[in-house]
Amino acid sequence: MFKRFAAAIFLAFALATLSFAQTTLTGAGATFPYPMYSKWFSDYHKLHPDIAINYQSIGSGGGIAQVSAGTVDFGASDGPMSDEQLSNAKSKIVHTPTVLGAVVPAYNVPGVKEELKFTPEALAGIFLGKITSWNDPSIQSVNKDVKLPNTPIVVAHRSDGSGTTYVWSDYLSKVSPDWKSGPGKGTSIKWPVGLGAKGNEGVSGQIRQVEGAIGYIELIYALQNKISFGTVKNASGNFVKASLESVTAAAQGAKIPNDYRVSITNPPGKDAYPISSFTWLLIPEKAADANKGKILVDFLNWMLTDGQKETADLSYAPLPQ
């Protein structure tokens, strides 16, 4: 009996020591790259069992707010922080690109099995509330072989601060003067029409559940949830579908500034998908905990080398050289 008691005490001590020895990094932010980050953090933990990375997929707005306040070890965003946000942060923040992704117009149109085409003008008109039916001439004219129903369009958009919203609104601001002078671009904007939902997950759910819905979601969410999404007419006049190749093409020739805050929406190039973006980890230049800072640097080095080899499996494009 004494031996069993001693063994139990030893096991409890060992578990307590193991728990004490584990270092946990906390992060929060973008839902756009969450599937990729989730895999990376899990794989890194397998390589380093004494290190755990706890990431909350709360949206880019939340990630920017938390890293600015110093309540997390790192943040994440699909839209770069503004000069004002950087100056208001508790410490200097460094933008570290992680992967490239695409935001797609996803839809649920009753009776339509074909892949729809969208012009920039049609997308802006839909999200401004000026195009209200699926058989509107602006949609039907570029989808001549599709019998579109007279079904009302229901716009689905993000209700939380969102980098996916930033990418979408950044694109619309470039292709539509009415959008630029109206809602504009940002992680949170005043929507003219539509139903709000939290996260890429929430908008995906709205699209699946509501007949006639259209919304913007990251490519992997459309693929994983088997949601139809359309091709978009790019700056060269070609209708291009989001893919690893077309997202990579969007980044080719981009002039990358020293702080890595760059927009690649509506780029030149015949094969470029026009609603593509980098996504970033937001790293405090000086970590509050030196040990965590070293671990974070090691993770980033792994992410930029071995981690990039995993991106294609989840339909993200690796960083250009």
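I take contact to mean heavy atoms within 4.5 Å, and I keep to that meaning in every entry below.

**Entry 1: what I am looking at**

I note that this is a predicted model, in which local features need pLDDT of at least 70, side-chain atom pairs count only at pLDDT 80 or more, and totals for chains, interfaces and linings use all residues. Residues are numbered from 1 along each chain as its sequence is written, and side-chain values use heavy atoms, with hydrogens and water left out.

**Entry 2: I217**

I looked up I217 and found its place in strand 8 (residues 213-218); strands (E, at least two residues) and helices (H or I, at least four) are DSSP runs, numbered from the N terminus. Is I217 buried or exposed? I217 is buried, with a relative accessible area of 0%, where buried means under 20% relative accessible area, exposed over 50%, and partly exposed in between, with a 1.4 Å probe and protein chains only. Not counting residues up to four places away in sequence, I217 touches A102, V103, V104, A106, N200, V203, S204, I207, A222 and I227. I also checked K174, which lies 43 residues from I217 in sequence and 19 Å from I217 in space, C-alpha to C-alpha.

**Entry 3: S60**

I found S60 in helix 3 (residues 60-69), and S60 is buried, with a relative accessible area of 1%. Which residues does S60 contact, leaving aside its neighbours within four places in sequence? They are G29, A30, A76, S77, D78, G161, S162 and G163. With G163 I noted a further detail, as the side chain of S60 reaches the backbone nitrogen of G163 at 3.0 Å.

**Entry 4: helix 12**

I counted along helix 12 (residues 290-304), which has 15 residues and reaches 21 Å from its first C-alpha to its last, close to the 21 Å expected at 1.5 Å a residue (the expected span is 1.5 Å times one less than the number of residues). At the start of helix 12, a side-chain oxygen of D289 reaches to within 2.9 Å of the backbone nitrogen of N291. The buried residues of helix 12 are G293, I295, L296, F299, L300, W302 and M303. An α-helix has 3.6 residues a turn, so residues three or four places apart point the same way. The buried residues of helix 12 pack against several elements, among them strand 1 (23-29), helix 2 (34-47) and strand 12 (276-284).

**Entry 5: helix 11**

In helix 11 (residues 244-251) I listed S246, V247, A249, A250 and A251 as the buried residues, and these pack against strand 4, strand 11 and strand 12. Just after helix 11, G253 takes a positive phi of about 85°.

I traced three strands that form an open sheet in the order 5-10-11, with mixed pairing; two strands pair if DSSP finds at least two bridges between them. Strand 5 (117-118) and strand 11 (239-240) stand at the edges, each with a single partner strand, so one side of each is left without a neighbour in the sheet. Strand 5 and strand 10 (residues 231-233) run parallel and are joined by two bridges, and the bridge partner of F118 in strand 10 is V232.

**Entry 6: the whole chain**

I ended with the protein chain, which has twelve helices and twelve strands. Of its 321 residues, 51% count as buried. Among contacts between residues at least 6 apart in sequence, 73% join residues at least 24 apart.

Technical notes. Polar contact = N/O pair within 3.5 Å; in protein donor to acceptor, adjacent residues only side chain to side chain.
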